[in-house]
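Hi everyone, thanks for coming.

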Amino acid sequence: MFAFLSKQYLQPEAAELIAGFAISCPPPKQIGKRRISEKVVAKSLHELYQKTAELVKRKRLGIIGRARLAKAMQTILREQGYAEELTSRVVGAVTLNSLVAKKPQ
């Protein structure tokens, strides 16, 4: 019954969201010692949050679906070598969104 909410179902969408984020804010192992400005990171995070909200609305994800999407995004971010602080911010934002957003109709 809940197979449509499996991690495998949301993994491609999570990977697509993170790939879009990685274009403007690449993982640390790809950029070496070069730093990305806070302004670029903030803009990239804002775009990631917007795209995530659009996906949640389009797929009509409930709380469990949003939590699984957040976990899939967390796994991908960690695998790509992003800092734990950034990973926590992204997962926290997606999770918080699931608690305060209106239920899909």
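By contact I mean heavy atoms within 4.5 Å.

Before I go on, a word on what you're looking at. This is a predicted model, where local features need pLDDT of at least 70 and side-chain atom pairs count only at pLDDT 80 or more, while totals for chains, interfaces and linings use all residues. Residues are numbered from 1 along each chain as its sequence is written, and side-chain values use heavy atoms, with hydrogens and water left out.

Now the overview. The protein chain has 5 helices and 0 strands, so to speak in DSSP terms: helices are H or I runs of at least four residues, strands are E runs of at least two, and both are numbered from the N terminus. Going along the sequence, you read α-α-α-α-α. Of the 105 residues in the protein chain, 36% are buried. Buried means under 20% relative accessible area, exposed means over 50%, and partly exposed is in between, using a 1.4 Å probe and protein chains only. And if you take the contacts between residues at least 6 apart in sequence, 74% of them join residues at least 24 apart.

Back to our pair. How do H3 and H4 sit relative to each other? Their axes come within 11 Å and cross at roughly 140 degrees. Those axes are lines fitted to C-alpha atoms, over the stretch in contact for helices, and the angle runs from 0 to 180 degrees between N-to-C directions. That makes H3 and H4 oblique to each other; the cut-offs are under 35 degrees for roughly parallel, over 145 for roughly antiparallel, 65 to 115 for roughly perpendicular, and oblique for the rest.

Take H3 on its own. This helix covers residues 38–59, and its 22 residues should span 32 Å at 1.5 Å a residue; the end C-alpha atoms are 31 Å apart, which agrees. The expected span, by the way, is 1.5 Å times one less than the number of residues. Which residues of H3 are buried? They are Val 41, Ser 44, Leu 45, Leu 48, Thr 52, Leu 55 and Val 56. Looking down the axis of H3, these buried residues fall within an arc of 110 degrees, so they line one face of the helix. The arc is taken from the directions from the helix axis to the C-beta atoms. On the other side of H3 you find Lys 39, Lys 43, Glu 54, Lys 57 and Arg 58, which are exposed.

One residue I'd pick out of H3 is Thr 52. Thr 52 is buried, at a relative accessible area of 5%. Leaving aside residues up to four places away in sequence, Thr 52 touches Leu 17, Leu 69, Met 73 and Val 94.

Arg 60 isn't a glycine, yet its phi is positive, about 55 degrees.

On to H4, residues 63–79. Its 17 residues should span 24 Å at 1.5 Å a residue, and the end C-alpha atoms are 24 Å apart, which agrees. The buried residues of H4 include Gly 65, Leu 69, Ala 72 and Met 73. Ala 72 has a relative accessible area of 0%. Its touching partners, not counting residues up to four places away in sequence, are Gln 11 and Ala 14. Ala 72 and Glu 13 are 59 residues apart along the chain, with their C-alpha atoms separated by 9.1 Å.

After H4 we get Gly 81, with a positive phi near 90 degrees. Gly 81 and Gln 30 are 51 residues apart in sequence and 9.2 Å apart in space, C-alpha to C-alpha. Gln 30 lies in helix H2, residues 28–31, and is exposed at 60% relative accessibility.

Last stop: Thr 87, in helix H5, residues 84–100. Is Thr 87 buried or exposed? Buried, with a relative accessible area of 0%.
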